[in-house]
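Subject: Structure handover

Hello,

Here is the structure for your work. My notes on it follow below.

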Amino acid sequence: MSQIPDDDTLMARTARGEEAAFRLLVQRWEREVKSFLVHMLGSVEEAEDLAQDTFVKVYRKAESYRPAGKFRSWLFRIAGNLARSRLRRRGILKWIRFDPFVHDTGGDQPGPDKVLEQTQREQEIRKALAGLPSRQRQALVLHRFQGLRYKEVAAAMETTVPGVESLIQRALATLRSQLAGKGDLL
Amino acid sequence: MRHIRELIQGYVAGELDREQTEAVEEHLVSCSDCRREAEQAGALWEMLGAASVNHPEDRSIWPAVRARTQSGSGNTREWLFGNGPWMRSGLVTAAVAAGLVVGILIPVGDGPGSLELATEESSWLVDSSWISGSSWLSEDGAAGLDDILLGADLSDEGNGS
């Protein structure tokens, strides 16, 4: 029975020039990275673009990568920095309109009122999410959508666990106030 | 132990250890305020989860990544401007100098809107964060002057120990 290589092993093999190892790494993580970037940027096209940038960086840093079993945090640190850099550019290039969370949902399917209502609510949530300061959004997205534990988020964002807790608390407080009255229990 | 109320979000998110979880649950039985807080936190947590975007594309980015790593080309910016430390520091210096010049030349406070104009222009000119992709700005997007003058930490993806 063949053993599935872990990320650190794949990085070491990538550093030795094994393309198959790098390919496995990309295919293992690309979906999570793209999902994270879509939540951060609100655009599938930009997410794909930055996901490529992320893995190109991973490839270039393979030789200097030090295996410590924290590949995921390191990967999301790279993706997060790229995303925040992109968001800063958007903030300055004000003529580029940010359209929060425009994404292909597989076409317009007219559904019952309940589906419409749900869709509207999701759009409101995504819009509120898109309005958060970038570090708060990054912490929340990594934790809630990518499933990283506080400790992993802290490593990805180069901060402490209490720092992550604080970012997430503030993000949720903002979301709650913005979404007040739009949910059953908010 | 921290106050129970401070643990509620961690409880909802499943981040507490067993002892903390039991303490929260015990408290929630007797405290209606905290129970309501937990219900609201849980509702928001669920709403967020429902709003998660599942990336619809199954198309792999591997071919594009492979092409870029094989050709040695990173991205257009690196191709145009390079990515060495000398280039970064040179551009940072140039950007700061340009920002200062604009800040001096544009009158501030002489008329309506002039301060905003100077600030916005300076921000545009001093922002060279795209060069490195590093985190130079504060959470609210304000660049610290020290960060800019010191060139900030450009090795933000080092994976430490």
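In this predicted model, helix α8 of chain A covers residues 161-179, and its 19 residues should span 27 Å at 1.5 Å a residue. The expected span counts one less than the number of residues. The end C-alpha atoms of α8(A) lie 26 Å apart, which agrees with that value.

At the start of α8(A), a side-chain oxygen of Thr160(A) comes within 3.0 Å of the backbone nitrogen of Gly163(A). Gly163(A) is also one of the buried residues of α8(A).

Leaving aside residues up to four places away in sequence, Phe71(A) touches Asp7(A), Asp8(A), Met11(A), Leu25(A), Trp29(A), Val58(A) and Tyr65(A).

As for chain A as a whole, it has eight helices and zero strands. Of its 186 residues, 53% are buried. Among its contacts between residues at least 6 apart in sequence, 65% join residues at least 24 apart. Chain A exposes about 9,100 Å², of which carbon and sulfur atoms supply 49%.

Regards

Technical notes. Residues numbered from 1 in each chain as written. Chains lettered and ligands numbered in written order. Predicted model: local features only at pLDDT ≥ 70, side-chain atom pairs only at ≥ 80, totals over all residues. Heavy atoms only, no water. Helix = DSSP H or I, 4+ residues; strand = E, 2+ residues; numbered from the N terminus. Buried < 20%, exposed > 50% of the residue type's maximum accessible area, 1.4 Å probe, protein only. Contact = heavy atoms within 4.5 Å. Areas by Shrake-Rupley, 256 points an atom, 1.4 Å probe, with all protein chains shown as cover. Polar contact = N/O pair within 3.5 Å; in protein donor to acceptor, adjacent residues only side chain to side chain.
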